[in-house]
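Welcome, and take a moment to look over the sequence and the model. The report below walks through some strands, a helix and a few ring pairs.

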Amino acid sequence: MSANEDDDARLVVVDDDPMFRESLVQNLKDDGYEVTDFGAGQPALDYLRAGHAADLVVLDWRMPGMTGIQLLRAIREHEIEVPVIFLTVLGDQIYEEAALHHGAVDFVEKSRSLSILKKRIELSVKRADAAPAGEGPSGDADAIDTIGHLELNRETSRAYWKGAEVPLTLNEFRIVDLLAGRPGRDVRYRELYDQVHGAGFIAGSGEEGYRGNVRTLIKRIRQKFRALDETFEAIENYPGFGYRWRDDKARQ
């Protein structure tokens with residue numbers, strides 16, 4: 001019997017690599033998920049358009065015919081409101097930005113360990129099962145942390161600003177959680193990057209190429225907060241070092 005709290009969650013896995021797909025699907029089934037898999041994008045789209053329910057779609061990016069990003073666009077064009085997570089070998093920042101821009105909830109590189117891949121899928125499913133946006137924070141009070149106008153629900157990986165949900169991806173939530181958990185304290189670029197990709201992961205060009213990735217991530221997070229509150233200034237920059245979450249209590 002699986003110990004997974006999300007037993008019976010319905011996943012759709014789309015990947016043209018039969019060995020990777022078979023391994024992932026079997027592991028997810030062993031964890032209690034109901035999984036339907038496809039080796040190409042069009043059959044997966046046809047399946048979803050036919051009305052088959054899914055709690056999460058797990059997509060590869062680079063596939064013959066319809067690519068993963070094209071499938072994501074088609075899913076949204078047909079108003080199929082299912083969460084999508086990318087698992088891909090394409091680790092460049094431009095691919096992650098494109099996926100998130102088109103509404104993916106997470107972007108994970110296949111080079112990560114299977115346990116991490118499964119954990120990211122589990123978190124995505126939990127988030128999809130949580131209360132709809134606009135109903136405010138919910139869940140175990142012990143999992144909710146309040147920092148000024150910010151509320152973080154770690155049970156569902158949801159963030160709220162002045163009562164409104166901020167549509168953060170799992171990676172973005174982790175960054176906000178790390179910063180807000182240390183109000184007024186500076187957090188290095190490297191630590192912020194490691195929060196998303198794991199310690200020692202190499203990215204970008206040059207010894208500190210990861211900094212550009214972090215700057216882009218912070219920019220995207222700020223934009224999401226400012227879409228709800230144009231006066232948002234809680235994330236402060238420490239040039240050459242990293243970022244901090246502003247400590248409003250210390251300013252009072």
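This is a predicted model: local features need pLDDT of at least 70, side-chain atom pairs count only at pLDDT 80 or more; totals for chains, interfaces and linings use all residues.

Residues are numbered from 1 along each chain as its sequence is written, and side-chain values use heavy atoms, with hydrogens and water left out.

Helices (H or I, at least four residues) and strands (E, at least two) are DSSP runs, numbered from the N terminus. Two strands pair if DSSP finds at least two bridges between them. β8 and strand β9 (residues 164-166) run antiparallel and are joined by three bridges. Their hairpin has two residues between the strands, and K162 takes a positive phi near 55 degrees there.

Strand β7 (residues 150-153) pairs with β8 in the antiparallel sense, over four bridges. This hairpin has four residues between its strands, and S157 in the turn shows a positive phi of about 55 degrees.

In a regular strand the side chains alternate between the two faces of the sheet. For β8, both faces are covered: R158 and Y160 are buried on one side, A159 and W161 on the other. Here buried means under 20% relative accessible area, exposed over 50%, and partly exposed in between (1.4 Å probe, protein chains only).

W161 brings us to the aromatic rings. The structure holds 10 aromatic pairs. Rings of Phe, Tyr and Trp (its six-membered ring) pair if their centres lie within 6.5 Å; planes under 30 degrees apart count as stacked, over 60 as edge-to-face and the rest as tilted. Two of the pairs are set out here.

| Pair | Centre to centre | Angle between planes | Arrangement |
|---|---|---|---|
| W61 and F86 | 5.2 Å | 45 degrees | tilted |
| W161 and W245 | 6.4 Å | 75 degrees | edge-to-face |

W161 in strand β8 (residues 158-161) and W245 in strand β12 (residues 242-245) are 84 residues apart, and their pair links distant parts of the chain. Both W161 and W245 are buried. Ring pairs also draw F225 and F232 into a cluster with W161 and W245.

W61 sits in the loop between β3 (56-59) and α3 (68-77), and F86 in strand β4 (residues 84-88), so their pair ties together parts that are 25 residues apart in sequence. W61 and F86 are both buried.

Back at W245, which residue stands opposite it? That residue is I235. β11 and β12 run antiparallel and are joined by four bridges. They belong to an open sheet of three strands in the order β10-β12-β11, with antiparallel pairing. β10 (187-188) and β11 (235-238) stand at the edges with a single partner strand each, so one side of each is left without a neighbour in the sheet.

Helix α6 (residues 170-180) is mostly covered, with 11 of its 11 residues buried. Among them are L170, F173 and A180.

Finally, D31 lies in the loop between α1 (18-30) and β2 (34-38). D31 is partly exposed, with a relative accessible area of 21%. D8 is 23 residues from D31 in sequence, and their C-alpha atoms are 9.6 Å apart in space.
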